[in-house]
Amino acid sequence: MTRWLTAVSILGAALVAAGGAQAVGPWPGLAGGVTATSGDVRYTATRATGATTVRAIASNGRPLASTRIAGAFGIPAVTSVGEAGGLSPDGRLLVLAEPPQYGGLREQSRFVVLSTAKLARVATVTLPGEFGFDALSPDRRTLYVIQHASRQDLVRYVVRAYDLASRRLLPQAIVDRREPDETMRGYPVARATSPGGRWVYTLYTKQPGSSLAFVHALNAAGRSAFCVDLPAWAGEDIWQAKLELAGTTLVVRMGSGAAFARIDTRTLQVVRPD
């Protein structure tokens with residue numbers, strides 16, 4: 001079966017009705033803010049008059065730090081329903097992305113990398129073409145990005161790795177080596193990350209209303225990826241689904257809380273839901 005991987009295009013009214021953020025362009029766009037795993041700090045980015053103000057805010061609402069950078073940037077979303085990304089697993093780096101364009105691909109994409117200690121700029125990443133944020137490696141060396149190159153199929157994409165230490169985009173795509181030639185396209189629905197950030201799991205669907213769903217398992221520490229096909233989705237709205245890690249099991253839960261599928265993260269095999 002073709003594996004449908006992607007970071008998203010326009011979902012329009014289907015997502016708005018589901019209460020999620022409307023995705024624009026070939027990837028999910030921007031989120032309102034992102035909270036550190038510890039829950040102690042939330043980061044926001046607001047744009048006005050050609051500049052972006054980034055703020056770090058404590059859980060009690062107390063301002064911790066702020067900085068202003070030239071250009072329009074924001075906290076990247078990693079799912080079509082607006083789940084936020086951008087933070088490294090240890091919370092020490094924050095990546096900002098430019099807003100995606102409507103209805104087309106950009107000639108270049110820019111990211112700003114900040115140290116969360118003082119919101120100081122660490123790097124500016126400029127890539128030729130259309131790229132969106134995907135994840136950061138646990139050692140903060142690798143920025144994973146989603147590349148879209150087809151103007152005829154905005155949803156089609158590949159995962160690439162950018163080495164922040166050497167400041168270069170690595171030439172090879174991050175693919176499932178078992179089926180390296182599979183076309184990658186789809187819509188990200190939900191995400192879960194293992195403790196420490198070594199593995200990043202994303203639930204995808206082919207398109208709104210499709211029964212085809214799978215989990216993309218990114219080994220963020222090892223620059224590799226695998227796809228796990230799920231049984232045909234039926235019944236409850238997939239846009240309400242969640243991913244939950246319980247020890248060595250990844251549970252795909254429907255909006256009701258019932259387990260739709262379980263994946264053994266050691267073997268990446270689907271096991272019985274009950």
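In which loop is Thr265 found? I find Thr265 in the loop between strand S20 (259-264) and strand S21 (269-271); strands here are DSSP E runs of at least two residues, helices H or I runs of at least four, numbered from the N terminus.

Ground rules: this is a predicted model, where local features need pLDDT of at least 70 and side-chain atom pairs count only at pLDDT 80 or more, while totals for chains, interfaces and linings use all residues. Numbering starts from 1 along each chain as its sequence is written, and side-chain values use heavy atoms, with hydrogens and water left out.

**Entry: Thr265.** I looked up its burial: Thr265 is buried, at 17% relative accessible area (buried is under 20%, exposed over 50%, partly exposed in between, with a 1.4 Å probe on protein chains only). Its side chain reaches the backbone oxygen of Thr248 at 2.8 Å. Skipping neighbours within four places in sequence, I list Tyr201, Leu245, Thr248, Thr249 and Leu250 as contacts of Thr265 (heavy atoms within 4.5 Å).

**Entry: a sheet.** I traced an open sheet of four strands, in the order S10-S11-S12-S13, with antiparallel pairing (strands pair if DSSP finds at least two bridges between them). Strand S10 (130-136) and strand S13 (168-169) are the edges, each with a single partner strand, so one side of each has no neighbour in the sheet. Two bridges join S12 (158-163) to S13, and Tyr162 stands opposite Leu169 in S13.

**Entry: cores.** Which residues touch the most other members of the largest nonpolar core? Of its 26 residues, I get Tyr201, Leu203, Val215, Leu230, Trp233, Leu243 and Val252. A nonpolar core is a set of buried Ala, Val, Leu, Ile, Met, Phe, Trp, Tyr and Cys residues joined through side-chain atoms within 4.5 Å. Strand S14 (187-193) gives the most to this core, with four residues. I also noted a second, separate core of 18 residues, which includes Ala31, Ile75, Ala77 and Leu94.

**Entry: pocket.** The largest pocket holds about 630 Å³ of space. A pocket is an open set of points on a 1 Å grid over the protein atoms alone, where a 1.4 Å probe fits, with protein on both sides within 12 Å along at least five of seven lines; lining residues have an atom within 4 Å of a point. I see 28 lining residues, with Thr37, Ala84, Leu87, Arg191 and Thr193 nearest the centre. S10, the sheet edge from above, gives the most to this lining, with four residues.

Definitions and conventions: Polar contact = N/O pair within 3.5 Å; in protein donor to acceptor, adjacent residues only side chain to side chain. Points joined across faces, edges and corners; volume = space filled by probe spheres on them.
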